[in-house]
Amino acid sequence: KHVILCDITGVRCNNCPQAADKAKQIEAARGGKVHVIAAYITPMPNLTAPWRGYDTLTTPIADQMISATGVSVNSLPNGMVDQAVFGTSRVISMNEWEARVNDRLAESTPVNMELSSAWDAVKKEDVITLRLAYNSDKSTESHRYTIALTEGGIVGKQSDKDTAGGIRYYYTHNHVLRTTITAPGGDLLNEPLVAGRVFEKQYRYKPAGNFKPANMHVVAFVHHDSDRTILNGRETDLIP
């Protein structure tokens with residue numbers, strides 16, 4: 001069982017660098033079992049509008065991925081852990097992330113995952129292979145899978161309350177959600193989810209011209225179609 005931590009963020013949010021640091025610490029301490037997606041959303045332009053002259057990190061894909069869970073985000077920074085509901089809320093503050101990640105890591109999963117990536121240097125494209133193997137019967141449920149592309153090492157402008165003047169001009173953005181290969185809300189698994197069922201999905205992906213493949217990652221996860229809770233996830237480098 002691996003966990004997906006979604007950091008919902010914006011370049012004009014002066015508390016968001018602190019949340020990014022928290023996500024990094026959680027990821028680093030969990031032995032490769034936590035995978036971060038930084039979703040730069042478009043609502044709340046006072047917190048999220050791109051800076052002129054810098055890479056636009058916001059994307060409708062981030063909005064669609066979050067709205068597919070049935071939530072709206074009214075403040076930043078915030079996030080989701082496995083898209084699960086804790087108490088009455090799916091969107092939780094960064095102060096809750098670590099405890100909720102530990103809760104989710106303690107859960108079992110009905111589906112084992114393997115994710116691999118093979119880069120074609122001639123065609124400048126990637127072959128992504130996702131293998132899902134069900135270890136228990138979930139035939140009464142419907143599940144979806146999502147394959148996302150993230151990028152790190154993007155240097156840009158960021159509001160930061162802990163910096164003199166409140167702006168960092170050479171801030172490094174990591175885990176930035178660039179796009180999804182599947183629908184942002186996931187693609188449906190169309191066969192009965194019985195124990196022993198195996199799915200294998202393969203995709204070719206050519207990064208957009210402003211993306212840097214060497215800094216990109218593939219993040220995949222499986223989730224309930226109804227309540228959107230993530231059952232398992234994996235991450236790999238785009239270029240192994």
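Buried means under 20% relative accessible area, exposed means over 50%, and partly exposed lies in between (1.4 Å probe, protein chains only). This is a predicted model: local features need pLDDT of at least 70, side-chain atom pairs count only at pLDDT 80 or more, and totals for chains, interfaces and linings use all residues. Residues are numbered from 1 along each chain as its sequence is written, and side-chain values use heavy atoms, with hydrogens and water left out.

**Stop 1: the surface**

Select Y170. Y170 counts as exposed because its relative accessibility is 73%. Y170 sits in strand β8, residues 167-173. With Y170 they make a nonpolar surface patch of about 470 Å². (Patch residues have over 30% relative accessible area and no salt bridge; like charges are joined within 9 Å, and nonpolar side chains, namely Val, Leu, Ile, Met, Phe, Trp and Tyr, within 5 Å. Areas come from the Shrake-Rupley method with a 1.4 Å probe, and for residues only the protein chains shown count as cover.)

Next, select E200 in strand β11, residues 198-205. E200 is exposed, at 54% relative accessibility.

**Stop 2: the largest pocket**

Select A20, D21, Y171, T172 and N174. These lie nearest the centre of the largest pocket, which is lined by 20 residues. Its volume is about 310 Å³. (On a 1 Å grid over the protein atoms alone, a pocket is an open set of points with protein on both sides within 12 Å along at least five of seven lines; a cavity is a set where a 1.4 Å probe fits but cannot get out; lining residues have an atom within 4 Å of a point. Points are joined across faces, edges and corners, and a volume is the space filled by probe spheres set on them.)

Color β1 (3-9), α1 (16-28), β2 (34-40) and β8; each supplies at least two lining residues. Helix α1 gives the most, with seven. The pocket lining divides into nine nonpolar, six polar and five charged residues. (Ala, Val, Leu, Ile, Met, Phe, Trp, Tyr, Cys and Pro count as nonpolar, Asp, Glu, Lys and Arg as charged, and the others, Gly among them, as polar.)

**Stop 3: the cavities**

There are two cavities of 30 Å³ or more. Of the 13 residues that line the largest cavity, select V11, Y54, D55, L57 and K157, the closest to its centre. Strand β7 (154-159) gives the most to this lining, with four residues.

The second largest cavity has a volume of about 40 Å³. Its lining includes I4, C6, D82 and F221.

**Stop 4: salt bridges**

The count is 13 salt bridges. (Each is a side-chain nitrogen of Lys or Arg within 4 Å of a carboxyl oxygen of Asp or Glu.)

Select R104 and D82. Their side chains meet in a salt bridge, 2.9 Å from N to O. R104 lies in helix α4 (94-105) and D82 in the loop between β3 (78-81) and α4, so the pair ties together parts 22 residues apart in sequence. D82 is buried, at 0% relative accessibility. R104 is buried too, at 12%.

Finish with E151 and R178. Their closest N and O atoms are 3.0 Å apart in a salt bridge. E151 lies in strand β6 (143-151) and R178 in strand β9 (176-180), so the pair ties together parts 27 residues apart in sequence. Both E151 and R178 are buried.
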